[in-house]
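Here is a briefing on a predicted model. Look over the sequence and the structure, then read the points below.

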Amino acid sequence: MNYHDIVVAVYDTISSENAGQFNYFKVIFDDSGEVDLLLLRELYKDSSMASAENAIPGMIGPFADLVELNRYALKLCEKVEKKQICIYSVDEYSAIIEKASTTEEFRELIVTNGNKIENLDYSKKGSFFKKIF
Amino acid sequence: MQLTTPEFRGDRDYVFPGENHFLYWKTSSSLWNSKLAEYQESNIIIVPINWAFHSDTGENYDFGEHRPEANLAKLVQTAKNNGKEIIFLVAITPSPFLPNGGIPHLLARNISISESNISTAAIDSEGRINKMFSFFDPRLFKNYVKFLEALSGHFSSTGVDVDVWTVTNCYYDQDVLYSYFSDYSNTFTSGLSRFLSIKMQEAEKKGESFQISSQEEEQNLRKEYYDSVYSLYAETAREHLSANWAGHFNMLFLGGRISNIGARAFEVDDVWQYCHDVFRGLCDGIITSSILLPLGVKRGALARILSELVEMTAIPNLLLSGRKTSEEEMAFRQLELFSIYEKDLFSIHSGWSSLHLYKFLSSNYGHTYRRVLVNEQDHPSSTQIHFFTGDLVDEKIFSRILEIFMNGGSVILDTSAMNNEFVQKMELFVLENNLQVERVNFMAIVNNISLGDGRLIYFSGEALASLPSSKILSFWEKIVSTFSLYHCQIVGGDGVECFWRTRPSLAAELSYSEVRRVGLYNPTSYRKKVKLSFMKNFALMKIVDETNAKVVSRQNEIEVDFSPNGSISIDFGVFGD
């Protein structure tokens, strides 16, 4: 797996005084750059977990738990047509930034770490096309 | 200084990474003479001082005693021998283009955390990830003072008399300006706790109680602590460098957005965003640096924008103001039709942003606005309309508003959050001067007062805040159209940026009150078409620097067909009334 095959999503857990804790995606990028915010918002709106309450500008969410977060992440991975999505908490992502001295090291670390979810649709599509062509 | 734009430069040496910067530590001192002699783009060389280069530990300093490359006095003399002048920069924040943000490596202990809760770092032009460390570490501040003492000692003992500017390094994220000084780490929190303890002790001594009873109060205290430490760095630097200190400015780093570090590590550079940030920076009075960007990214429209608007306009206007030659006085400067007063350029809470004023002005008036700190000394500008929010109004600002109005200027005032005392003073002023107030209900109650050429429009922005953005933009269109502003309409070309500059007319151009130059830039990978309509007060003088652009000129109209990365500049003579 190399960095062209993945999309990276970084989330944070934010507490609000009255509403409890929720997860939000803060940074999402792949080898085309940052994923378009409009696309992310549309995808979130279309998902069953969408809630306008506790929304924070500039972030995608809220997600009540990591299960919802991962479900959205998979949909996103399918939407941007990548083999895999690597999900990081802000602490895990910061640890990679702190460890890497160069962009090359960063790419190696980001691909090999994180919570990974495979896009099975991509694999199936890949093998289908391979059979045809 | 030429009045036409010189040709775009080709490849840059990594010692001269852009905007006339010279990174002295990246080359042998024996090569300084030849490097400076070869550099023809400018006689003003900007040199950021690399703290870590002069000390590993923060305790002992080398200014040429051990390594000739550390001898800043020698650098100044070498530049003088080549007819060049050095301007030094001393950062009062972490510097994203340097390892460890520029601090000696033994002091690099507590990494800074950004507002997005991610470690503060930036990717430089060579693909290195530079982490930045908390300036709220007391140990770091103590050593910073030692650095300033050593630096000023070196300058005074060697007779270095060149200008030194202090700099706050910053970046934009979604059009909000952030400083690299910002820190949300435990180092900041520990410092804040100490600060609050001191406040509590002081309150107890006075027999008062000290309690944080709301989130707003907590935020205010956090800001107070932040501001006090930031001011400490700024004032300490100014005091120690007083013999050479020429001023302070903010420096914007393209590619320095912390949330963008991943995309940049994946080798993606958003050139359109960089162009947009440059324009935003110009409107905020910020100097842009492209030091973090690889040479390959600085091509086409972006390169021309940096050359024409930053190197040739913004930098000389800031760093050389007060000592320009008569030729330089005639050079182009940013056209500022609108001045928008803010308490703090770094605040995410701008009333004008929520009323879409910046969006309106950028789209319709091509970045002809300037955000001004409300306490900033008046700077020479072509401002025709001044915007104030009510929360800024105190005695001094109230007097300034009336002074502008009485002297024939135009003011637009959002009275929401204005202290009742000044609402009453305004009413008294109207009564005492027997002024007629025209009142219109147009999405909000809009009051208009005229006195000779002076106009004062005031309304409550709260009434607009709940309206859809399209309505608010219509509001601004209507309000601003009631002023007689000489300006050109630019239609079409979504993604094409435009930037207006102005200069006084030359002796041979005395029929004009001024000459304006519009730069149109297409940083996208698509063809774009733009139509520029101009009023009878505008006379087309010449078309300059057509690059990947085809121009069709008709009466009072110019149509430009841009190829990807195209740009053009057009000069107009403007007739006054």
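Chain B holds an open sheet of seven strands with mixed pairing, in the order β11-β10-β12-β13-β16-β15-β14. Strands here are DSSP E runs of at least two residues, helices are H or I runs of at least four, and both are numbered from the N terminus. Two strands pair if DSSP finds at least two bridges between them.

The model is predicted: local features need pLDDT of at least 70, side-chain atom pairs count only at pLDDT 80 or more, and totals for chains, interfaces and linings use all residues. Residues are numbered from 1 along each chain as its sequence is written, while chains are lettered from A and ligands numbered from 1 in the order in which they are written.

**Sheet of chain B**
- β11 (369-373) and β14 (437-442) of chain B are the edge strands, each pairing on one side only.
- From one strand to the next, the twist averages 20°.
- β10 (338-342) of chain B runs parallel to β11(B), with five bridges between them.
- Ser339(B) has Arg370(B) as its bridge partner in β11(B).
- Tyr341(B) is bridged to Val372(B), again in β11(B).
- Four of the five residues of β11(B) are buried (20 or more other C-beta atoms within 10 Å of their own, with C-beta atoms placed from the backbone).

**Helix packing in chain B**
- α5 (186-205) and α6 (215-240) of chain B pack at about 100°, and their axes are 10 Å apart. Axes are lines fitted to C-alpha atoms over the stretch in contact, and angles run from 0 to 180 degrees between N-to-C directions.
- α5(B) is therefore roughly perpendicular to α6(B) (the class for 65 to 115 degrees).
- Gly191(B), Leu192(B), Phe195(B) and Leu196(B) of α5(B) meet Leu221(B), Arg222(B) and Tyr225(B) of α6(B). Contact requires C-beta atoms, placed from the backbone, within 7 Å.

**Contact between chains A and B**
- Chain B puts 21 residues into the contact and chain A puts in 24 residues.
- On the side of chain B that touches chain A, β3 (121-123), β4 (129-131) and α7 (261-265) of chain B supply at least two residues each.
- α7(B) gives the most to that side, with four residues.
- The residues of that side are ten nonpolar, eight polar and three charged. Ala, Val, Leu, Ile, Met, Phe, Trp, Tyr, Cys and Pro count as nonpolar, Asp, Glu, Lys and Arg as charged, and the others, Gly among them, as polar.

**Domains of chain B**
- An automatic or database assignment gives domain 1 (24-321), domain 2 (339-352 + 377-474) and domain 3 (489-574).
- The C-alpha centres of domain 2 and domain 3 of chain B are 32 Å apart.

Technical notes: Contact = placed C-beta atoms within 7 Å. Buried ≥ 20, exposed ≤ 12 C-beta atoms within 10 Å, placed from the backbone. Parallel < 35°, antiparallel > 145°, perpendicular 65-115°, else oblique.
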